[in-house]
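Please keep the sequence and the model in view while reading.

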Amino acid sequence: MTDAVLRCQGLTRHFPSGTALDGLTIDARPGEVVALLGPNGAGKTTTMRLLNGVLEPDAGTASVLGLDPWRQGDELRARTGVLTENAGLDERLTARENLAFVARLRGIPEARATPRIMELLDRFGMAHRADVRVQGFSTGQRKRVALARALLHEPELLFLDEPTSGLDPVATRDVVDLIGSLAQEQGRTVILCTHFLGEAGRLADRMAVLFSGHLHAFGTPTQLAGELWTGTEVRVELGRPPGADLLSRLGSIPGVVQAVPLEDGVLARVTTRESVPALVAACVAAGEQVFAAEPRQPSLEDVYFEIEARAKRGAAA
Amino acid sequence: MNRSVIRTLLARDLGMIRRSRALMLPMLFLPTLLLVILPAAIGLAARERSLDVDRFIEMLPGGLADPVLAHPPDERLIILVLGYMVAPLFLIVPLMVSSVLAADTFAGEKERKTLETLLHLPVSDRDLYVAKLLSTFIPSTAISWLGFTVFCIVSNIVCWPVMGRIFLPTGTWMIVILWLAPAVAALGLGVMVRVSIRVENTQEAQQLGGAVVLPFVVIAVGQTTGLLLAGPVVTMAVGSVVWLIAALLNIRGMQLYRRSSMAARL
Ligand SMILES: Nc1ncnc2c1ncn2[C@@H]1O[C@H](COP(=O)(O)OP(=O)(O)OP(=O)(O)O)[C@@H](O)[C@H]1O
Ligand SMILES: [Mg+2]
């Protein structure tokens with residue numbers, strides 16, 4: 001693909017305390033939301049700093065918006081917007097002053113900056129607090145102001161580091177909606193660091209799953225599930241646990257990879273949908289009552305926890 | 001260098017210094033006390049003719065005693081204290097002010113968690129560094145010059161009945177103020193930059209910085225009066241040496257103030 005907005009290869013960074021990132025290779029296409037998903041210490045923030053040319057890598061290459069982040073950093077940063085983990089607002093200034101300060105540093109002429117600042121604060125529901133010092137703001141209000149600040153100069157690429165951490169459910173929903181609209185309506189590319197599966201699931205086109213500096217999976221949720229498991233899961237509801245000989249009979253049907261007992265039925269894994277009728281027929285033939293048989297897409301949680309489990313097994317081995 | 005970026009950073013820092021009572025009060029209080037109240041008190045004391053300072057003067061080393069004794073008896077207290085002994089204050093003030101401000105702008109940026117924001121902006125490391133140098137250097141120098149002006153005015157007015165002439169500033173004094181005091185401010189700054197890069201917050205920077213700056217204060221106290229006695233040429237030379245050391249420290253500071261190493265310490 002030549003149309004990548006961002007691509008990096010073998011990105012590695014060590015700190016005296018250990019390796020923060022080890023050989024990361026990912027890419028992002030225009031207008032795409034790519035989530036960096038991983039627990040604390042996974043290397044998400046480090047990745048963001050590296051890709052925006054703020055931190056230099058020990059190894060690896062990257063091209064972001066066609067630029068080398070470490071040689072053309074200022075050029076790159078003129079076209080990216082960042083929401084850092086803690087909003088990084090100056091507490092001593094008002095919301096408007098914080099934005100005006102950054103607008104000036106970004107070289108946006110005052111005549112353009114002034115209406116833009118009000119427009120953004122208004123859009124993020126912060127217009128009524130524009131002239132209040134940030135000191136008294138809640139976490140959610142800070143995130144909104146910082147998000148507005150990241151958008152001042154209409155960046156082509158946005159780095160958002162845990163945009164919803166510390167927010168209540170309503171504020172989380174609002175911020176997630178905002179981010180969704182940024183990508184969808186305005187065609188910006190977004191790199192979203194998060195450890196919330198729900199947020200990644202709602203917003204991300206593709207996700208990179210990181211554990212302690214290693215990339216364990218990268219792709220759409222469906223792709224990731226496909227890499228983890230063959231076929232689909234089918235839950236057959238029988239109203240009671242299955243007998244042992246029913247289980248072994250189901251397991252021998254062509255196309256059925258696996259059949260495990262549940263409290264109220266069977267969870268079977270089939271290579272294709274075509275095996276589902278045979279599965280149901282076998283249950284009926286065994287004298288069972290079939291209340292439901294539903295093929296089930298693995299949820300993002302399933303995918304994530306399976307990757308995590310395999311990562312741990314890999315680390316243990 | 002991007003002037004508009006430097007101006008913006010400078011305007012914010014200077015504005016914040018002005019708004020901050022924690023910075024403004026000590027910065028104004030100490031110089032006022034040292035540079036206004038002290039000369040006023042000495043001047044008033046000298047008007048009391050009964051005061052006999054000659055015995056004290058005779059105990060001073062000959063180098064200081066002789067030039068003071070060359071003046072008529074009435075003027076001796078004034079010449080001794082205001083003409084020579086307060087001189088160190090004019091170096092301590094820029095040194096202290098620049099240390100406090102440098103700690104605030106360099107370590108404070110980290111402590112306030114605003115440094116990462118700046119690093120993610122299209123602002124070059126050098127512009128950021130230069131802005132921070134200026135936001136420390138300009139106020140420290142301004143305060144010492146303003147302080148000296150006020151000191152001269154107060155001294156001349158209060159001492160007029162005794163002196164009957166404008167006795168301050170002398171040529172050597174002017175060199176101390178215009179050449180040496182800014183050099184000392186730059187020196188304090190150079191030291192604090194190095195210290196601030198290493199620490200987490202302003203308080204640590206001030207503690208560690210205080211320990212490093214203190215010897216300079218001691219040198220200033222011990223030697224400045226001597227400089228005034230030694231005359232303009234020596235004062236110029238000493239000023240040049242201090243400037244050189246300050247310049248080396250600050251150039252090294254600029255090399256250390258690199259984005260990636262700052263980001264690695266966030
Ligand atoms: N400046 C630094 N100095 C030393 N170690 C660091 C530094 N930055 C990151 N690390 C280490 O690198 C690893 C990855 O850190 P990073 O901040 O990138 O993780 P993260 O995925 O953003 O975690 P979180 O969800 O907690 O924000 C951690 O073990 C961290 O301790
Ligand atoms: Mg992080």
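This is a predicted model: local features need pLDDT of at least 70, side-chain atom pairs count only at pLDDT 80 or more; totals for chains, interfaces and linings use all residues.

Y257(B) is buried, as its relative accessible area is 4%.

**Aromatic pair in chain B**
- Y257(B) forms an edge-to-face aromatic pair with F106(B), with 5.5 Å from centre to centre and 90° between the planes.
- F106(B) belongs to helix 6 (residues 89-111) of chain B, whereas Y257(B) sits in the loop between helix 11 (232-256) and helix 12 (259-263), so the pair ties together parts that are 151 residues apart in sequence.
- F106(B) is also buried, because its relative accessible area of 5% is under 20%.

**Other aromatic groups**
- Over all chains, the structure holds 13 aromatic pairs.
- One of these pairs joins Y304(A) and F305(A): the ring centres are 5.5 Å apart and the planes stand at 80°, so the pair is edge-to-face.
- Y304(A) is buried at 9% relative accessibility, whereas F305(A) is partly exposed at 46%.
- One aromatic cluster is formed by F90(B), F148(B), F151(B) and W173(B).

**Magnesium site in chain A**
- T45(A), through OG1, and E85(A), through OE, coordinate the magnesium ion (ligand 2) at 1.9 to 2.6 Å.
- The two residues link distant parts of the chain, 40 residues apart: T45(A) is in helix 1 (residues 44-51), and E85(A) is in the loop between strand 5 (80-83) and helix 3 (95-105).
- T45(A) is buried, with a relative accessible area of 15%, while E85(A) is partly exposed, with 36%.

Technical notes. Residues are numbered from 1 along each chain as its sequence is written. Chains are lettered from A and ligands numbered from 1 in the order in which they are written. Side-chain values use heavy atoms; hydrogens and water are left out. Donors are N, O and S atoms within 2.8 Å of the metal (3.2 Å for Na, K and Ca); water is not among the atoms, so sites may look incomplete. Helices (H or I, at least four residues) and strands (E, at least two) are DSSP runs, numbered from the N terminus. Buried means under 20% relative accessible area, exposed over 50%, partly exposed in between (1.4 Å probe, protein chains only). Rings of Phe, Tyr and Trp (its six-membered ring) pair if their centres lie within 6.5 Å; planes under 30 degrees apart count as stacked, over 60 as edge-to-face and the rest as tilted.
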